[in-house]
Amino acid sequence: MGMSGAFTDSLNFLAKTTARRALNAGRVWSSYEYSRVMGTPAHHGMPVSISIEPTTSCNLRCPECPSGLRSFTRPTGMLQQSLFNNVIDELHPTLSYLIFYFQGEPYLHPQFLDLVQYASRKKIYTATSTNAHYLTDRNAEATIESGLDRLIISIDGTSQDAYQSYRIGGSLEKVIEGTRNILNWKTKLRSKTPHVIFQFLVVRPNEHEIPEVYRLAHELGVNEVRLKTAQIYDYQNGSPLIPTQDQYSRYRLEKDGTYSIKNSFDNHCWKMWHSCVVTWDGKVVPCCFDKDAHHVLGDVSRQSFKEVWRGEAYQDFRASLLRSRSEIEMCKNCTEGTKVWA
């Protein structure tokens with residue numbers, strides 16, 4: 001799994017697992033298996049994991065990201081603390097894992113670390129993903145003190161040229177400086193958290209630097225490196241971002257010169273049973289592939305989470321997925337099961 005700290009990270013997660021959360025996870029898994037076999041949606045339990053979006057704002061302009069491209073049709077803004085607190089107050093007895101990320105850069109939210117601290121006090125395992133441009137010395141110290149359990153740092157290159165080919169407007173130097181700040185404060189405060197991961201999105205301009213990212217992570221003292229395959233929106237006719245090394249691509253080159261997605265479209269999806277995404281303004285959407293919130297299944301600014309989770313819209317969506325997943329537009333470019341874990 002990683003370089004150091006993986007065992008400590010697992011222990012930390014297990015330490016937050018209560019009997020009620022474990023029972024909930026068991027109920028969710030059994031209802032998913034039943035639904036998969038029977039072809040009809042049954043659901044017992046509440047989500048095991050949710051992603052919640054602090055903000056849609058971002059400082060970078062990555063080419064395959066709606067936030068970077070400024071191409072959202074949905075409203076943009078910042079998560080209100082009161083809305084967040086309501087969701088966490090309702091879910092914390094059964095919620096095991098909370099991801100502070102969907103679109104945007106979480107550290108642009110002025111109260112981001114207050115949100116993390118609120119969830120940490122409820123003993124929920126917390127994680128976020130950042131481009132690390134705002135991990136100043138002060139923010140790094142506050143991050144450790146917030147109780148954040150996992151910090152994913154996007155580092156898509158080990159030279160500025162390769163890095164900025166995808167992270168447009170970004171500075172590799174800032175990423176490395178931010179990483180150092182986090183690790184320094186982790187040492188100073190004798191904290192076992194957060195578990196720090198370098199996430200390397202493999203694209204053609206950076207694939208030759210994969211060995212280097214391991215070396216850099218080891219040199220800095222990062223806990224783990226994860227390689228991630230890139231989602232390309234218009235992949236059929238190829239893209240300069242598709243890697244030449246087949247094992248790092250979500251797409252297969254066909255004999256006619258076009259590309260197709262590698263994974264099969266099985267008519268089930270674990271994500272629809274165990275997790276969901278809440279946008280900054282309270283919309284509940286099925287998963288992280290619904291970046292522009294086309295499939296809104298409810299609104300926690302107007303309903304309880306349970307009403308949404310057990311509601312007709314959610315059950316109808318699960319049923320349509322069991323019927324024919326390939327007919328749901330966002331599922332067509334989904335790579336459940338095609339991430340490359342290092």
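Analyst: Start with a pair of helices. The axes of α5 (residues 112-121) and α6 (residues 137-146) come within 9 Å and cross at roughly 15°. This is a predicted model: local features need pLDDT of at least 70, side-chain atom pairs count only at pLDDT 80 or more, and totals for chains, interfaces and linings use all residues. Residues are numbered from 1 along each chain as its sequence is written, and side-chain values use heavy atoms, with hydrogens and water left out.

User: What makes α5 roughly parallel to α6?

Analyst: The angle does. Angles under 35 degrees count as roughly parallel, over 145 as roughly antiparallel, 65 to 115 as roughly perpendicular and the rest as oblique. The crossing is at roughly 15°, so α5 is roughly parallel to α6. Axes here are lines fitted to C-alpha atoms, for helices over the stretch in contact, and angles run from 0 to 180 degrees between N-to-C directions.

User: What is the hand of the crossing of α5 and α6?

Analyst: Right-handed. A crossing is right-handed if the near helix is turned clockwise from the far one by less than a right angle, and left-handed if anticlockwise.

User: Which residues meet in α5 and α6?

Analyst: From α5 come L113, V116, Q117 and S120; from α6 come N139, A142, T143, E145 and S146. Contact means heavy atoms within 4.5 Å. By class, this contact has three nonpolar, five polar and one charged residues. Ala, Val, Leu, Ile, Met, Phe, Trp, Tyr, Cys and Pro count as nonpolar, Asp, Glu, Lys and Arg as charged, and the others, Gly among them, as polar.

User: Why is E145 called partly exposed?

Analyst: Buried means under 20% relative accessible area, exposed over 50%, and partly exposed in between (1.4 Å probe, protein chains only). E145 has 49%, so E145 is partly exposed. E145 lies in helix α6. Not counting residues up to four places away in sequence, E145 touches Q117 and L189. E145 and W185 are 40 residues apart in sequence, yet 9.4 Å apart in space, C-alpha to C-alpha.

User: How do you know that the reach of α8 is close to the one expected?

Analyst: The expected span of a helix is 1.5 Å times one less than its number of residues. Helix α8 (residues 172-188) has 17 residues, and 24 Å is expected. From first C-alpha to last, α8 reaches 24 Å. R190 follows α8, with a positive phi near 50°.

User: What do the buried residues of α8 pack against?

Analyst: They pack against α6, β4 (150-154), α7 (160-166), β5 (195-202) and α9 (210-220). Among the buried residues are L172, V175, I176 and W185.

User: Why does V87 count as buried?

Analyst: V87 has 3% relative accessibility, under the 20% cut-off, so V87 counts as buried. V87 lies in helix α4 (residues 81-91). Leaving aside neighbours within four places in sequence, V87 is in contact with I50 and V300. V87 and V278 are 191 residues apart in sequence and 9.4 Å apart in space, C-alpha to C-alpha. The buried residues of α4 are L83, F84, N85, V87, I88 and L91. What covers them includes β1 (49-52), β2 (97-100), α5 and α11 (305-309).

User: What makes α4 roughly parallel to α5?

Analyst: The axes of α4 and α5 come within 11 Å and cross at roughly 20°. That makes α4 roughly parallel to α5. Q81, F84, N85, I88 and D89 of α4 make the contact with D114, L115, Y118 and A119 of α5. The residues divide into five nonpolar, two polar and two charged.

User: How many helices and strands does the protein have?

Analyst: The protein has 12 helices and 11 strands. Helices (H or I, at least four residues) and strands (E, at least two) are DSSP runs, numbered from the N terminus. Buried residues make up 55% of the 342 residues.
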